[in-house]
Amino acid sequence: RGGIGRAGSFRAWGWRPGYQDLLDRPHGFLHGSQIESLSWRLRFDHVERRVSIRDLRLIEVLSVEPWDPWMPKPSWVMGTGIETAFEKGRSASRSLIYEGHLGTGLAANAGPKATTWAMLMGEGALGSVLDRGWRIAGGVRAGLTINVSGAWRAAVDGELTAPFLGDKTPNHRLNAGLNWAPHRDRAIRAEVGLRGPHREGGIYALFYH
């Protein structure tokens, strides 16, 4: 993987054991689900000349099944692990935190090929980069997935967080991606994202096995 952010270019390597996310081609997967366990990404910043952990997800589960009045099921998300708190405005290698989050809400069909969803969130985090070393926050998260064609899939996912205990740094996140999977075992993905003042984008090659 390779990309560029406000602090310069970077390279990244990742591993996501045998599960799925919302951008993966839907064939063979449970529609509207994202499941990760013990996934990780390493990052090499060309300016710092340093390798650091980008994130390490112990568990991350997202279910955005559209609401059905005959069999009503809420959408929900839960996850915990290490991630980079780019909103603090420091280098990635000095911004690691341990965080956990829970959320619930509703999803709905937005046409024959699209699903939209929104959730209320709760989040807690620990890390030396945070003021007082911790924070508790609430927020709103929303997203949209579009199955453009059999090989093309797009997604947008955003969150607005309001800390109310511990570190009070406000945070907003937005990620958008386009996935092209001409083969069931390979894909090319373009992603752009922001978190607080941090901006980055990249082109990624994905191999499934």
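Mentor: With pairing: two strands pair if DSSP finds at least two bridges between them. Keep in mind that this is a predicted model.

Trainee: What makes E9 and E10 a pair, and which residue stands opposite Trp152?

Mentor: The requirement is at least two bridges, and 10 bridges join E9 to E10, so the two strands pair. They run antiparallel, with Trp152 opposite Trp180 in E10. A hairpin of four residues connects E9 to E10.

Trainee: How do you know that E8 pairs with E9?

Mentor: By the same test: 12 bridges join E8 to strand E9 (residues 152-166), against a requirement of at least two, so E8 and E9 count as paired. These strands are also antiparallel. Gly143 stands opposite Asp157 in E9, and the hairpin formed by E8 and E9 has five residues between the strands.

Trainee: Why is the contact between Arg173 and Glu83 called a salt bridge?

Mentor: The cut-off is 4 Å between a side-chain nitrogen of Lys or Arg and a carboxyl oxygen of Asp or Glu. The closest N and O atoms of Arg173 and Glu83 are 3.7 Å apart, so the pair qualifies. The pair links distant parts of the chain, with Arg173 in strand E10 (residues 171-183) and Glu83 in strand E5 (residues 75-84), 90 residues apart.

Trainee: Why are Arg173 and Glu83 called buried?

Mentor: Buried means under 20% relative accessible area. Arg173 has 16%, so Arg173 is buried; Glu83 has 9%, so Glu83 is buried as well.

Trainee: What makes Arg135 and Glu123 a salt bridge?

Mentor: Their N to O distance is 3.2 Å, which is within 4 Å, so the term applies. Arg135 lies in strand E8 (residues 134-146) and Glu123 in strand E7 (residues 114-126), so the bridge ties together parts 12 residues apart in sequence. Both residues are buried. Shared partners join salt bridges into one network, whose members include Arg135, Glu123, Arg173 and Glu83.

Trainee: How many salt bridges are found in the whole structure?

Mentor: The search finds 17. Another one of them is Glu60 with Arg57, at 2.9 Å between the closest N and O atoms.

Trainee: Why is Asp21 called buried, and what does its side chain touch?

Mentor: Its relative accessibility is 11%, under the 20% limit, so Asp21 counts as buried. The side chain of Asp21 makes a polar contact with that of Arg189 at 2.9 Å. Asp21 lies in the loop between strand E2 (8-15) and strand E3 (33-45).

Definitions and conventions. Residues are numbered from 1 along each chain as its sequence is written. This is a predicted model: local features need pLDDT of at least 70, side-chain atom pairs count only at pLDDT 80 or more; totals for chains, interfaces and linings use all residues. Side-chain values use heavy atoms; hydrogens and water are left out. Buried means under 20% relative accessible area, exposed over 50%, partly exposed in between (1.4 Å probe, protein chains only). A polar contact is a pair of N or O atoms within 3.5 Å; within protein, one must be able to donate a hydrogen and the other to accept it, and residues adjacent in sequence count only if both atoms are side-chain atoms.
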